[in-house]
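Here's a quick tour for anyone just starting out with protein structures. Have a look at the sequence and the 3D view first, then read on.

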Amino acid sequence: MNVLLTSRTGYIGYHTGVLLQSGHRVVLYDYQSNSSDEVLEKLAQITGQQTPFIKGDVRDTELLKSMLAAYHIDVVVRFAGLKAVGESVEKPVDYYANNVQGAICLLPAMKSARGQALVFSSSATVYGEPRYLRLDESHPTGATNPYGRSKLHIEEMLSDVATPDPAWRMACLCYFNPVGVHESGLVGENPSGVPNNLMPHIAQVAAGQRAERSVFCDDYPTADGTGVKDYIHVMDLTEGYVAALAFLSQTTGHAINLGAGKGYSVRDMIRAFERASGRQLPYKFFARRAGDVAACYSDSQKASKALNWRAPRALGNMYTSTWRFQQSHRLSITS
Ligand code: NAD
Ligand code: UD1
């Protein structure tokens with residue numbers, strides 16, 4: 001298939017690009033914040049291919065129309081968007097303007113180019129405060145932060161668009177917390193500025209590049225008081241994307257959870273990283289982060305049945321691959 005991947009060198013986008021290129025023709029599309037050329041060169045090293053890249057915004061309907069047609073795109077895999085829970089509370093309009101507006105502009109371009117197959121990157125945050133765990137796809141939705149609500153609006157929009165028009169084929173992959181890096185160690189996660197999420201921040205503290213880890217609260221109703229999340233190896237996640245492309249040809253309109261199905265607390269994560277790095281990691285407790293939930297982990301039985309997918313990589317692999325990448329690249333950081 002000809003696949004338009006709307007991320008150039010974003011964290012999940014380039015890991016997915018690596019896998020997709022072995023069976024599909026991939027075209028990258030990105031407006032390029034949070035991306036670097038070096039990563040793109042390494043992608044070419046891993047795949048042995050130069051991947052076509054178009055610089056553009058997912059909100060540019062006209063540009064999308066012309067390039068969907070020019071490359072005969074069969075499927076769009078949408079990663080492009082803003083993704084940080086805390087930032088979304090501070091800048092809600094940015095999140096609606098990018099994430100929701102992106103869908104509003106992308107869908108007509110796809111329809112006009114008659115390439116009506118879409119894999120959308122949704123998030124566990126659409127379930128909001130869990131009423132029960134593990135979270136399955138029947139769990140009521142109701143996000144606790146603007147980021148999650150932007151994803152939820154898009155999911156609902158996709159359903160409204162696909163329901164009356166059988167030409168659409170869509171899957172919403174609703175995933176939990178991807179961590180770890182590609183086994184080559186050539187590409188990994190190196191966000192610009194202070195990392196919003198836990199794993200790259202822990203890795204930078206272990207490397208001595210940041211003084212300490214701030215842990216958002218130790219008074220959640222969890223076993224050790226810190227937030228519990230479902231960490232999934234990014235390569236397991238990308239295998240879910242590959243499986244979803246095959247699934248799209250058979251069905252439409254499904255939300256599917258991709259998670260490892262086990263919750264780990266922030267303290268668990270710090271301890272495990274201490275073991276992987278052989279270093280002690282200082283941390284301090286702060287107030288709860290707005291928009292966070294105490295615990296969130298998945299029931300991924302639907303993915304297992306519908307996509308024949310599972311997440312076999314162990315937590316240890318997530319740490320060791322991240323630590324190896326952090327050390328071997330002596331990643332430069334920006335404050
Ligand atoms: P990332 O920030 O590393 O990459 C996102 C990419 O999208 C960047 O390259 C950026 O330049 C591009 N982009 C953003 N807005 C754009 C626009 N308007 N037009 C064109 N390009 C644009 O993010 P990631 O971690 O790879 O996440 C990818 C997707 O997966 C996001 O939609 C995110 O919400 C979703 N997701 C991420 C996680 C996670 O923990 N990383 C978990 C669940 C869902
Ligand atoms: C992440 C993703 C989000 C995705 C969601 C799915 C990012 C920035 N966010 O959000 O796109 O939809 O998973 O569940 O990739 N924590 C600290 N200190 C920190 C940072 C985090 O204690 O400095 C805690 C949080 O309170 C949380 C856990 O670590 O309990 C994980 O946080 P984080 O890595 O930011 O991921 P999510 O917020 O779960």
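Which strands and helices do the buried residues of H11 pack against? They pack against strands E7 (177–179), E10 (231–233) and E12 (264–265), plus helices H7 (198–206) and H9 (266–277). Keep in mind that this is a predicted model.

**Helix H11**
- H11 covers residues 315–329, so to speak a run of 15 residues.
- From its first C-alpha to its last, H11 reaches 21 Å, which is close to the 21 Å expected at 1.5 Å a residue.
- Its buried residues are Leu315, Met318, Tyr319, Ser321, Thr322, Trp323, Phe325 and Gln326.

- Zoom in on E5 (residues 117–123) and E6 (residues 169–175): they run parallel and are joined by 7 bridges.
- Leu118 stands opposite Met170 in E6.

**Helices lying across the sheet**

**A closer look at Leu28**
- You'll find Leu28 in strand E2 (residues 25–30).
- Is Leu28 buried or exposed? Leu28 counts as buried because its relative accessible area is 2%, and the cut-off for buried is under 20%.
- Leaving out residues up to four places away in sequence, Leu28 touches Leu5, Ser7, Arg8, Leu40, Thr51, Pro52, Phe53 and Ile54.
- Take Ile54 from that list: it sits 26 residues from Leu28 along the chain, yet their C-alpha atoms are separated by 6.2 Å.

**Around ligand 2**
- There are 22 residues around ligand 2, and Ser123, Arg213, Lys229, Arg289 and Asp292 come nearest.
- The side chain of Ser123 has an N or O atom 2.4 Å from an oxygen atom of ligand 2.
- For Arg289, a polar side-chain atom lies 2.6 Å from an oxygen atom of the ligand.
- Lys83 uses its backbone instead: one of its backbone N or O atoms is 2.8 Å from an oxygen atom of ligand 2.

Conventions:
Residues are numbered from 1 along each chain as its sequence is written. Chains are lettered from A and ligands numbered from 1 in the order in which they are written. This is a predicted model: local features need pLDDT of at least 70, side-chain atom pairs count only at pLDDT 80 or more; totals for chains, interfaces and linings use all residues. Side-chain values use heavy atoms; hydrogens and water are left out. Helices (H or I, at least four residues) and strands (E, at least two) are DSSP runs, numbered from the N terminus. The expected span of a helix is 1.5 Å times one less than its number of residues. Buried means under 20% relative accessible area, exposed over 50%, partly exposed in between (1.4 Å probe, protein chains only). Contact means heavy atoms within 4.5 Å. Two strands pair if DSSP finds at least two bridges between them. A residue is near a molecule or strand if one of its heavy atoms lies within 4 Å of it. A polar contact is a pair of N or O atoms within 3.5 Å; within protein, one must be able to donate a hydrogen and the other to accept it, and residues adjacent in sequence count only if both atoms are side-chain atoms.
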